Every structure is written in structure tokens, then in C-alpha cells.
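Good morning, and thank you for making time for this item. I would ask you to look at the sequence and the structure together while I speak.

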Amino acid sequence: MAVGSAGERQTPGIAAWPRMLYRRSETLRGYTLLSPTMVIMLLALAAPMALLALYSFWSQEGYVLSTHFTLDQYGTTFGRDTYRALFYRSIAISSVVTLVTVLLAYPMAYFVAFRVQKSKFLWLILLTIPFWTSYLLRVFAWKIILGYDGVINSGLMSLGIIHEPLEFLLYNPFAVVITLAHAWAAFAILPIYVSLEKIDRSLLEAAADLGDGAIRRFFRITLPLSLPGVIGAAVLIFVPTTGDYVSPALVGGSEGVMIANIIEVQFTKVGDWPLGAAVAIASMAAVGIITLLTVQALRAAVARVK
Amino acid sequence: MSARRTQRPRKGRGLLAYAILYLAFLYVPVMFLPLFSFNNSMFIAFPLSGFTTQWYAQVWVDSAVQQALWNSLKVGITAALVSTILAVPAAKALTRYRLPGDASILGLISLSLFVPEIVLGISLLILLNAVAIPLSLMTVVLGHVVICIPFAITVLMSRMEGFDKSLEEASLDLGESGWMTFWRVTFPLVLPAIISSLLLTFMVSFDDFLIAYFLAGTDATLPIYIWGQLRFPYKLPTVLALGALILMASTVLVVFAEFVRSHGIEKGKRPMVGA
């Protein structure tokens, strides 16, 4: 073996050098394998986002796009009361959605990580199937459940429990919250489950041996150690929710309109792309900052508890 | 002491009850779609008035549904193939090589998970408009590849991390070329993840509404078609029937994808134990 490979090494001529260099350099090979994906990501993700940012500094004058630098769009974005109100509402709804989804998902993830012994895989599949099925149809399902003539109202009326349909069910922020808490369930369960599963069980045994009760063990060991999963889940839910379009449009009504609905209108009916771009960039930046600050604050809080 | 001992199973049962309620919360709302799709009434309301399959018959003969379904299949299959083919070498690079800056590369790749879909949609719309590429099903594919790649890479990376690197090294030491090692060692071991990735990315594309909504131009995919129908109350029963069919098909596909993935892991472990 050794002789064979040594003999081989002598043979390559000068022309083979770049080839050998390529074969030797892990880094170069790695980057080559990554390059097609990176090209797509740069062309179809990074470049469009950069262009979106550029557009937000331009303006739409009638049918003509003016590429003259201006801050007008941001002036409108921050100046209009309706936009500000919608932005605050988006943040408020998304925060509640995140909180509710994570709180509901935590015990579920805890159950699978600590209580289920043999059929973990089955539970995880059961919990992820709905995630892969049509988001649009799941939102639609809530519309027919909460609707004026919907499942709950008609069900309660045919049972004789109520005589008038309950109007508060659909077309409000509450409907958006319950719809999205349902839609994002897997996004919350999986990261929390992964961080719970990683916890070294001997830590819990040690704490139990040293006399910590179940509740103390949970708050001093399980919860702090699972917090990376909780934070991951919260970010995965909060950020996309601030930009959700379908739920506000289908079940939110006029009280549940969110920032994405404003952006969509600018790109379709109104046709003011620079303004739509500015609203999108401004809200993404604000959401990014809020998310970062909250995550930092949470991490600091955990560090103090530890 | 004895109080604590009796407490334990009761607490376990409480969590089990919660878990079952949670599953009900996940599944029951969606079940109303198939339930009312067989109801013999224009109105989606209790009490159920009678059994019918007329809504399914209407879906079956609707040429707009057929066209939208065909479009969605074309887009979904192309997006699944493209994103999985791109993700295989990328996942290999990210698991097998020590790359400077791989954290930021992974960051860029998974960026689309953290950017609201509406922003992905409008920014691609702006770019395509700027370079004068007309909207079509192909532009939808482009948008879907961006959101599919993170899923494909996650599925493939977890599989590649799961098997023994020394199998590939042994093949290379025994004189196989890099390409042959890929085909004879890596590919068969990763195959379950590839199949799973193809199915899951197909689902991501097939389900997506918002990106397709901005990038499809005049061609409707199935979610765009459904969105258009939701405005007309008299169309709702057929949307229910169509929705029930989609839910059933996608559930079968996802269960299959997950079983292929897990089955492959067990099978992949066996030769490792033997070696």
C-alpha cells in the first residue's frame, strides 16, 4: 500500500499540480461544493434585499420611478399615524402570539423529552405533520371555525346554548393569535424539545439527591438549560409573524390588519413600490432591533439566575 | 415521603392529558375541512344536513383546478429537485470540511427562515422587474428554491453528521476516486435523506402562497387559486373538498418522508456497528 502510493506520488507532471493543490486544500474543495448554493442565495436573496433597500430611497412619481435619492418614503413611513399604529399592533400581536405559542408548546416538548420513552419518534411525527400541511388551509380552517355562521356559533346554537351568534370570535386580533399559535406549533416544539433532550439527566439526579424538589429542579436546572431552545423558538415565531399577511387578511378583519397588509397594497393596488419598500425595510429593522434587545435581556436574566 | 411517591404518577398523567389535548388542538380544527366537505349544504354550519360527494365531483371536473394543480406540481417538483441537488454538495461541505466563515455561510443560507415571506416575495419581484425578467412559473421556482434550501440542508446535514466519516476515508485510502467514493459510499448512505429532502421541499413549495402570489404573474398555483376562491361564499364547499384532498395527500407524503428518513438512519447504523 505505502509503496504504491509513494510510486503514484512521483508520477504527476507539472500539469497535474493545480489538480493536486485542489485535492489537498480542504477549504478550496469545501467552497467549491458550496458555491452553487451561495450563488443562488446571493442572486435570489441577498441581491433582491439590497435592491429593496435601494428602492426605499427612491420615489414613485406617477408611472415613473425616480432614482433620485430621497428620505421621503421614510418620512411617510414614520410620519403617518395609521402606519405607526399598524406597526405597534403588529409588534403587539406578534408578541402575544410568540408568548402564547411558546407557553403552550413547552409542556408538550417537555412531555416528549422527559416522559415518552419508546415512541418519541411517533410523537414527533404527530407534532410535525400539521406543520407541513398547507398553511393557507389551516388559516382557512380557523375562519370556518370562528366565523359568524361558523362551527362554534352554529354548534352552540344548535345545542341551544346560545341564541345569537357570538360576534367577537372572528375578525379581531384574538382570532389572529389563536390561528397563528396553531400554525407555528411545530416551530416552537422542535427547538424546545431539542434543548430539553440535550440536558444531562445526571444533573437532575444530583439535584434530587441534594434535596431539591421537583419544582426547584425545574426552575434551577431544566428551565435555564432549555432557554436556548425557548429563545430560538421565540425568534423563529416572532419574526415571521410580524410579517404575516394571510392570517390578518383572512381572520383579522379591520381590527387585525397588520404591517404586511400595508406592504402588499403598495405592491399591488397602489403601485408605490418605493413606499412599500421603505415600510418593509423600516419594520424589518425595528423588528430586528427589538428581537436582539429582547434576546440579550433574556440571556442576561438567565445568567443572573444561574 | 409517601405523599411524594403518589404524586409522581399523577403528575405524569397530567402531562399526558395535556399532550393529548394539545394534539387535539393541532388536529381537530383541520378535521372540519374534510367533515364539512361531505356536508350537503352551501353553508359551513352545524347541524350537518346530509352526506354528499357533489363538491368532490365539482373539483374533479373543474378545469381551473386541474390547471392550478398541474402548475403547482411542476413548480414543486422543479423546486424540490433544484434545492436538493444544490443542498447535497453544500451539506457535505458544511459537515465534512473545516471552512473558515462557515457560520456566516450557514447564516446566509438560513436567512430566508428569518425574513418574512412577504419581504422575500416583494424583493424578488423588484429584482426581476429591474432586470426585465417576466413573471412566470419559473420565477416562482426561483423564490421557492430560496425557501426550500434551508430545509434541504438541515435534513441532509443531520444525516451526514450521523454516519461515520471513516467510511469515506477508507474508500479513499483503498484507492477509489473522490467521485466514485461519493457514488459508492456517500450517496447510498445519504439516499434516505435525499428522498426525504425531495419530499419535504416539494411540500414547502406546494404549500407556499405568498411568494407565489407576488412572482406567479398570470399563472395560478393551487394556493393562489384557493385564495381567489375564498372571496366567493358559494365556492367555499368546493374549496373544502379540494382542501381535504390536499391535506390527505400531503399527510401521506410527509409521513412517508419522515419514515424514510428514520428508517435510513437505523439501516445506516447497522454496517457501522458491524465494522
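I shall take confidence, then each chain, then the contact between the chains, and finally two individual residues.

What you see is a predicted model. For the complex, the predictor gives an ipTM of 0.82 and a pTM of 0.85. Chain A has a mean pLDDT of 85, with 92% of its residues at 70 or more. For chain B the average is 84, and 91% of the residues score at least 70.

In chain A, helix 5, residues 81-115, has the highest mean, at 92, whereas helix 1, residues 2-10, has the lowest, at 43. The pLDDT is below 50 over residues 1-12 of chain A, and this stretch has 1 contact in the model beyond near neighbours in sequence. In chain B, the highest mean pLDDT among the elements, 94, belongs to helix 10, residues 210-215, and the lowest, 73, to helix 12, residues 236-274.

I turn to chain A. Its secondary structure consists of 15 helices and 2 strands. The chain is divided into domain 1, residues 2-51, and domain 2, residues 72-305. The centres of domain 1 of chain A and domain 2 of chain A, taken over C-alpha atoms, are separated by 42 Å. Along the principal axes, the C-alpha atoms of chain A fill a box of roughly 90 × 70 × 40 Å. Of the 306 residues in chain A, 40% are buried. Among contacts in chain A with a separation of 6 or more, 71% are between residues 24 or more positions apart.

Chain B comes next. It has 12 helices and 0 strands. Its radius of gyration is 24 Å, well over the 19 Å given by the globule rule for 275 residues, so chain B is more spread out than a compact globule. The C-alpha trace of chain B spans about 75 × 70 × 30 Å along its principal axes. Buried residues account for 44% of the 275 in chain B. In chain B, 79% of the contacts between residues at least 6 apart in sequence join residues at least 24 apart.

How do the two chains meet? The contact takes 66 residues from chain A and 71 residues from chain B. On the side of chain A that touches chain B, several elements give two or more residues, among them helix 5, helix 12 (214-242) and helix 15 (273-305) of chain A. The most come from helix 3 of chain A, with 21 residues. By class, this side of chain A has 47 nonpolar, 13 polar and 6 charged residues.

The largest nonpolar core has 165 residues, and A:Ala109 and A:Ile189 have the most contacts inside it. Helix 7 of chain B supplies the largest share of this core, 14 residues. Why does this core lie between the two domains of chain A? Domain 1 and domain 2 of chain A both give residues to the core, so it lies between them. Leaving aside neighbours within four places in sequence, A:Ala109 is in contact with A:Ile189, A:Ile192, A:Tyr193 and A:Leu196.

B:Ser37 lies in helix 1, residues 2-37, of chain B. Is B:Ser37 buried or exposed? B:Ser37 counts as buried because it has 23 C-beta neighbours inside 10 Å, and the cut-off is 20 or more. Beyond residues up to four places away in sequence, B:Ser37 touches B:Trp55, B:Leu240, B:Ala241 and B:Ala244.

The other residue is B:Ala132, in the loop between helix 6 (117-130) and helix 7 (137-162) of chain B. B:Ala132 counts as exposed because it has 6 C-beta neighbours inside 10 Å, the limit being 12 or fewer. Its phi is near 60°, a positive value in a residue other than glycine.

Key
Residues are numbered from 1 along each chain as its sequence is written. Chains are lettered from A and ligands numbered from 1 in the order in which they are written. This is a predicted model: local features need pLDDT of at least 70, side-chain atom pairs count only at pLDDT 80 or more; totals for chains, interfaces and linings use all residues. Helices (H or I, at least four residues) and strands (E, at least two) are DSSP runs, numbered from the N terminus. pLDDT is the predictor's confidence in each residue, from 0 to 100. Two residues are in contact if their C-beta atoms, placed from the backbone, lie within 7 Å. Ala, Val, Leu, Ile, Met, Phe, Trp, Tyr, Cys and Pro count as nonpolar, Asp, Glu, Lys and Arg as charged, and the others, Gly among them, as polar. Domain bounds come from an automatic or database domain assignment. A nonpolar core is a set of buried Ala, Val, Leu, Ile, Met, Phe, Trp, Tyr and Cys residues joined through C-beta atoms within 7 Å. The radius of gyration is taken over C-alpha atoms; the globule rule is 2.2 Å times the number of residues to the power 0.38.
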